[in-house]
Amino acid sequence: MTEGNGEIVEDRRGWRLVLVGTLVSSIGSGLTLPFLVVYLHSIRHMSLPLAGLVVAASGITGLATGAIGGSLGDRLGVGRLLSGGLLISGVATVALADARTPVFAAVVVALIGVGESVIWPTLNALVASQLASPNRPRAYALRFGVLNGGLGLGALIAGSVVSLHRPVSFEVIYVVDGLTTIAFALIVGIGLRHRPGFRTHPEVSDKRAMTGEGYRVVLRDRRFLAWLVASALFVLFGYAMLDGGWAAYATVIVHASPRIVGIGFAVNTGVIVVSQLGVAHLTRRWRRSRMLLGVGVLWSLGWLMAGLADIHGLAHLEVDVLLALSLGIFGLGETLLSPVAGALPNDLAPEHLRARYNALGSTVWSLGTIAGPPIAGLLLASSFPLSWIGLIVIGSAAAGFVGLNLGRLLPPAIDRPLAPDRDGQANN
């Protein structure tokens, strides 16, 4: 919502409610985040390739519904859509606790994908409607830190209570995860009902937003398309491999316990919570394209640490340290990525197309979710499982170089939004 001079009217109270909801739901998500492939393979007795295909169902539905969600968000308001997406995801996550067949599991995971295809872009767009552009990168960094604080706490709890010998322990954490997501839906639906962004503001609901040109305008934005390519690579060789592949690699290939999986994710989120705001402050004047290169370098190093954990002859403590270190380094890379990934699409987007820009940004997550888990499952089940490590090391480095190249297309004010301009200095 803007004043007559075009400046956004900030909604700090609504922003704080978003942080509260993020913390509540992320604790539940942290309980289950590392374990979906492990749950399907070790508890529901699906092969690793089949488990990977089931997980990919969320990406398929997310890809199919993401663009529709963007259009609805621009027309109805991102808060309304966010509340609905959270409800769908929460109910489906509760149902996942009773997923005993591959077909039922795939249907439920697909519904989770529908909800998540709406949740992440609408959350980013909602923050953009609450805060002015100069404050958004720090806000996205803060929300990412709160998110990971909750994820880390949930992962620690899960690591201490779940057991491969007690299937009911996995069922409980999926029920709790679903209930916390439903709680976030209520916070949005009730607490933000009359706040900016929940409904489409009359100034935004003009004829431009209602024409059939919405996505055609977005797809003509070469700068945004270049960002989508870089983002797709980061998702495919980063998050899509982290959420399922890393835990399967640690438990099935390296034979670490679920406790170490929980500790590893707690280290990951702990690094993010401790360093996120500090890193965001230090990098406020850095080029975003160079920050993306840093992400690729750090992620490649993190995956190499995980690969070293499979060296024969290492003591259990050394293996555990290497696995935890790999996710800690990965988390440091995430602190560089989060301010860019949250702010860049919204800096490029005109206000009346913000939901569409964020929806297409979320679509690349769906593409990564479709491709990543099956690739991980096939390579980890092969006669040379370390080929999975080799692929994602190279892929992460490639993503970093594509991100660096993005600097050639972005306007200086967007690639380096807070660059000093005193004494006639140019961005460099």
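This is a short tour of the model, stop by stop, with what to select at each one.

**Before you click**

You're looking at a predicted model, where local features need pLDDT of at least 70, side-chain atom pairs count only at pLDDT 80 or more, and totals for chains, interfaces and linings use all residues. Residues are numbered from 1 along each chain as its sequence is written, and side-chain values use heavy atoms, with hydrogens and water left out.

**Stop 1: colour by confidence**

Colour the chain by pLDDT (the predictor's confidence in each residue, from 0 to 100). The protein chain averages 83, and 89% of the residues score at least 70. Now select 202–212: pLDDT stays under 50 there, and the model has 12 contacts beyond four places in sequence for this stretch (contact means heavy atoms within 4.5 Å). Do likewise for 421–428, also under 50, with 10 such contacts.

**Stop 2: aspartate 221**

Select aspartate 221, in the loop between helix 9 (214–219) and helix 10 (222–253). Helices here are DSSP runs (H or I, at least four residues), numbered from the N terminus. Is aspartate 221 buried or exposed? It's buried, at 8% relative accessible area (buried is under 20%, exposed over 50%, partly exposed in between, with a 1.4 Å probe and protein chains only). Beyond its neighbours within four places in sequence, aspartate 221 touches Leu348 and Tyr357.

**Stop 3: aromatic pairs**

The whole structure holds 12 aromatic pairs. To pair, rings of Phe, Tyr and Trp (its six-membered ring) need centres within 6.5 Å; planes under 30 degrees apart are stacked, over 60 edge-to-face, the rest tilted. Show tyrosine 39 and phenylalanine 170: with centres 6.0 Å apart and planes at 20°, they're stacked. Tyrosine 39 is in helix 2 and phenylalanine 170 in helix 7, so this pair ties together parts 131 residues apart in sequence. Both are buried.

Next, show tyrosine 249 and tryptophan 388, a tilted pair at 5.5 Å centre to centre and 35° between planes. Tyrosine 249 sits in helix 10 and tryptophan 388 in helix 15, 139 residues apart. Both belong to one aromatic cluster, along with Phe234, Tyr239, Trp299, Trp303 and Phe330.

**Stop 4: helix 14 against helix 15**

Ile375, Ala376, Leu379 and Leu380 of helix 14 meet Ser387, Trp388 and Leu391 of helix 15. By class, that contact has six nonpolar, one polar and no charged residues.

Terms used
Helix = DSSP H or I, 4+ residues; strand = E, 2+ residues; numbered from the N terminus. Nonpolar A, V, L, I, M, F, W, Y, C, P; charged D, E, K, R; others polar.
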